[in-house]
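Please have a look at the sequence and the fold before reading on.

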Amino acid sequence: MPRYVVQRSFSEGLEIPLNEAGAEACEAVIERNTAQGVTWVQSYVSEDKRTTFCIYDAPTPEAIRATAARNALPVDRITQVRVLDPYFYR
């Protein structure tokens with residue numbers, strides 16, 4: 001399955017509480033993603049919490065956009081990527 005990096009902007013910053021409510025919010029996103037065959041692998045957030053870079057496995061960019069809409073999440077950019085292992089070259 002193709003892998004993508006999804007860049008998102010949050011003008012007020014992204015706040016996910018480190019408690020049960022935050023866990024439930026993340027689980028709900030994961031569950032809604034499955035309807036389109038999208039797997040949320042990992043995310044990175046900038047220090048100011050205004051930009052995230054999310055790694056997804058998905059059949060198409062359109063599937064990512066559809067799940068983002070269902071999850072009320074912005075999508076600024078979707079880039080298909082492949083793993084580059086620096087240790088492969090040793």
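Predicted model: local features only at pLDDT ≥ 70, side-chain atom pairs only at ≥ 80, totals over all residues.

Residues are numbered from 1 along each chain as its sequence is written, and side-chain values use heavy atoms, with hydrogens and water left out.

**Overall fold**
- The protein has two helices and four strands, taken as DSSP runs numbered from the N terminus (helices H or I, at least four residues; strands E, at least two).
- Along the sequence these elements follow the pattern β-α-β-β-α-β.
- The C-alpha trace spans about 45 × 30 × 25 Å along its principal axes.
- Taking contact as heavy atoms within 4.5 Å, 69% of the contacts between residues at least 6 apart in sequence join residues at least 24 apart.

**Surface and burial**
- The accessible surface of the protein comes to about 6,400 Å², by the Shrake-Rupley method with a 1.4 Å probe.
- Carbon and sulfur atoms account for 53% of that surface.
- Of the 90 residues, 24% count as buried; buried means under 20% relative accessible area, exposed over 50%, and partly exposed in between (1.4 Å probe, protein chains only).

**The largest nonpolar core**
- A nonpolar core is a set of buried Ala, Val, Leu, Ile, Met, Phe, Trp, Tyr and Cys residues joined through side-chain atoms within 4.5 Å.
- The largest one holds nine residues: Tyr4, Val6, Val38, Cys54, Tyr56, Ala58, Ala63, Ile64 and Ile78.
- At least two residues of this core come from each of β1 (3-9), β3 (51-57) and α2 (61-70).
- Beyond its neighbours within four places in sequence, Tyr4 is in contact with residues including Cys54, Tyr56, Ala58, Ile64 and Ile78.

- Asn33 lies in helix α1 (residues 20-34), and counts as buried because its relative accessibility is 1%.
- Leaving aside neighbours within four places in sequence, Asn33 is in contact with Val38, Trp40, Tyr56, Thr67 and Asn71.

**The aromatic pair**
- One aromatic pair turns up in the whole structure, where ring centres within 6.5 Å make a pair (planes under 30 degrees apart are stacked, over 60 edge-to-face, the rest tilted).
- Phe88 and Tyr89 form this edge-to-face pair, at 5.3 Å centre to centre with 90° between the planes.
- Phe88 is exposed, at 65% relative accessible area, and Tyr89 is exposed, at 60%.

Methods: Phe/Tyr/Trp six-rings, centres within 6.5 Å; stacked < 30°, edge-to-face > 60°.
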